[in-house]
Amino acid sequence: MQLLTNTFLALFPLYFYMATGAVLRKMKILKTEDLPKMNALLFRSFLFFSLFNNVRNANFSGADSGKLLLFGAASVFFLFAVYMLTVPRIIKNYEQSSVAIQAMYRSNFVLLGMAYAEQLCGPENVGPVSLLVSVVVPSFNLLAVLTFELLRGGKVNVGKILLNIIKNPLIIASALGAICALSKITFPEYIDKPMKALGSAATPFAMVLVGASLTLKSMAKNKKLVLGVSAVRLILSPLLVVPAAVLLGFRDAALVGIMTATAAPTAVVSVAMSYELGGDGELAAEIVATTSLLSLFTMFLWVLALRGMGYC
C-alpha cells in the first residue's frame, strides 16, 4: 500500500498538469485550433531549452552512455521490424496498416520521457533520458516515412528524410548540447539562468497540452482496431523491450527513459504524418486519443512495477 501511495504521489504533479489542461479546454481558454501553435511553441522553445540544458550537462564519457544510445536505437528498430512483418498480414488495408504500425512503435516519448524521469528520479538525474531523445527521435522520424513508403511500394527519398531530421529543433538542441558538453563550453549566469528557466517550464507546459488534447469523440468508428493497436502500444511494446533493458543492467533514469519510450501513448505528430503520407488520419487521431487516456493507467502500473522491484 505504501508503494502504491508513494508512486501516485510521485506522479501526481503530472496528473495535476494534465487535469489543468483538460479544465482549460473545457472552459474554452484552450481551444482545439490553438493546440498546433501551442505545440510548436513547446517544441521550439521550452522543450528545446530543456533538452539543450540536459544534454550539455550529461556525461558522455562513460561506457553506459554508448550502451544506452545503442539499446535505444536498437529497440526502436526491433519494434519496427516486428510490426512490419506481422501487421500487414492482419490488416490488409494500406491506409490502416501503415497507421497502425507507426502507432505501435512511435511513442510520445519527447513529451513524457523527461516529465516522468524528473518526477521519479529528480531533475538533476535526467541526463540519460536526454541522450535517449537524441537517438530515439531521429529513429522515429526515419521509420515513420519508411513505414508508409514501403507499404505502398513508393520510392524512399533518403535526402528528404535526412533533411527533415536535421531540421528537427530537438535534434538541433541535442547536437548543440553535445557540442557544449564535449567542448566544456559554459555560459555566464545572465544567459544560463534564463535558459534554465525556459527549460524548466517544458514539463508543466507539455503536460497541460497533453491534458487539453484528450478526447475520444470519434473512437466508436474503429473501436476494435483502435483498442487492439492501443493494447500493443501500451502493453506489448514495453513487454518486448523493458525486460531486456532490466537484464542488461539499466536502472533508474535510464530505465525510466526506456520504459517511457516504449510504454508512452502514440505520438501526437503521427496524425499529421498519416495525413501527409496517405494514411488514415482519422484512425491515427483516434489511436492518439485512446492511448493518451489509457496510458494514465498503464504507465502508472509500469512505474509501480519497476519501483516495486527496486529498479527505479
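**A walk through the model**

Let me start with Lys 196, which is partly exposed, with a relative accessible area of 47%. Before going further, please keep in mind that this is a predicted model.

Who does Lys 196 pair with? Its side chain meets that of Asp 192 in a salt bridge, at 3.1 Å from N to O. Both residues sit in helix H9, four residues apart, which is about one turn of the helix. Salt bridges with shared partners link Arg 56, Asp 192 and Lys 196 into one network.

So let's turn to the other link in that network. Asp 192 and Arg 56 also join their side chains in a salt bridge, here at 2.5 Å from N to O. Asp 192 belongs to helix H9, residues 189-200, while Arg 56 belongs to helix H2, residues 35-56, so this pair ties together parts that are 136 residues apart in sequence. Are these two partners buried or exposed? Asp 192 counts as buried because its relative accessibility is 14%, under the 20% limit. Arg 56 is buried as well, with a relative accessible area of 13%.

How many salt bridges does the structure hold? The count is three. Besides the two I have shown you, there is one between the side chains of Glu 149 and Arg 152, at 2.8 Å from N to O. Glu 149 is buried, at 9% relative accessibility, whereas Arg 152 is partly exposed, at 42%.

Now for the aromatic rings. A pair of aromatic rings is described by two things, the distance of the centres and the angle of the planes. The count here comes to eight aromatic pairs. Take Phe 12 and Phe 16: their ring centres are 6.1 Å apart and their planes stand at 45°, so we call the pair tilted. Both of these residues lie in helix H1, residues 2-26, and they are four residues apart, about one turn of the helix. Each is partly exposed, Phe 12 at 37% relative accessibility and Phe 16 at 47%.

For another geometry, look at Phe 48 and Phe 49, an edge-to-face pair with 5.5 Å from centre to centre and 80° between the planes.

Next stop, the surface. Which residues form a nonpolar patch there? They are Phe 78, Ile 235, Leu 236, Leu 239 and Leu 240, and together they have about 410 Å² of accessible area. Helix H11 gives the largest share of this patch, four residues. Leu 240 is found in H11, and it is partly exposed, with a relative accessible area of 34%.

Let's stay with that helix and move along to Val 246, also found in H11, which covers residues 223-247. Val 246 is buried, at 12% relative accessible area. If we leave aside the neighbours within four places in sequence, Val 246 is in contact with Arg 251, Leu 255 and Tyr 311. As for Asn 141, that residue is 105 residues away from Val 246 along the chain, and their C-alpha atoms are separated by 26 Å.

I'll finish with a bit of backbone. Most residues other than glycine have a negative phi. Which way does Lys 28 go, positive or negative? Its phi is positive, about 65°, although Lys 28 is not a glycine. You can find Lys 28 in the loop between H1 and H2, where it is exposed, with a relative accessible area of 62%. Asp 252 also has a positive phi, near 55°, and is likewise a residue other than glycine. Asp 252 lies in helix H12, residues 252-263, and counts as partly exposed at 44% relative accessibility.

That's my tour, and I'm happy to take questions.

Terms used. Residues numbered from 1 in each chain as written. Predicted model: local features only at pLDDT ≥ 70, side-chain atom pairs only at ≥ 80, totals over all residues. Heavy atoms only, no water. Helix = DSSP H or I, 4+ residues; strand = E, 2+ residues; numbered from the N terminus. Buried < 20%, exposed > 50% of the residue type's maximum accessible area, 1.4 Å probe, protein only. Contact = heavy atoms within 4.5 Å. Salt bridge = Lys/Arg side-chain N within 4 Å of Asp/Glu carboxyl O. Patch = residues over 30% accessible without salt bridge, like charges linked within 9 Å, V, L, I, M, F, W, Y side chains within 5 Å. Areas by Shrake-Rupley, 256 points an atom, 1.4 Å probe, with all protein chains shown as cover. Phe/Tyr/Trp six-rings, centres within 6.5 Å; stacked < 30°, edge-to-face > 60°.
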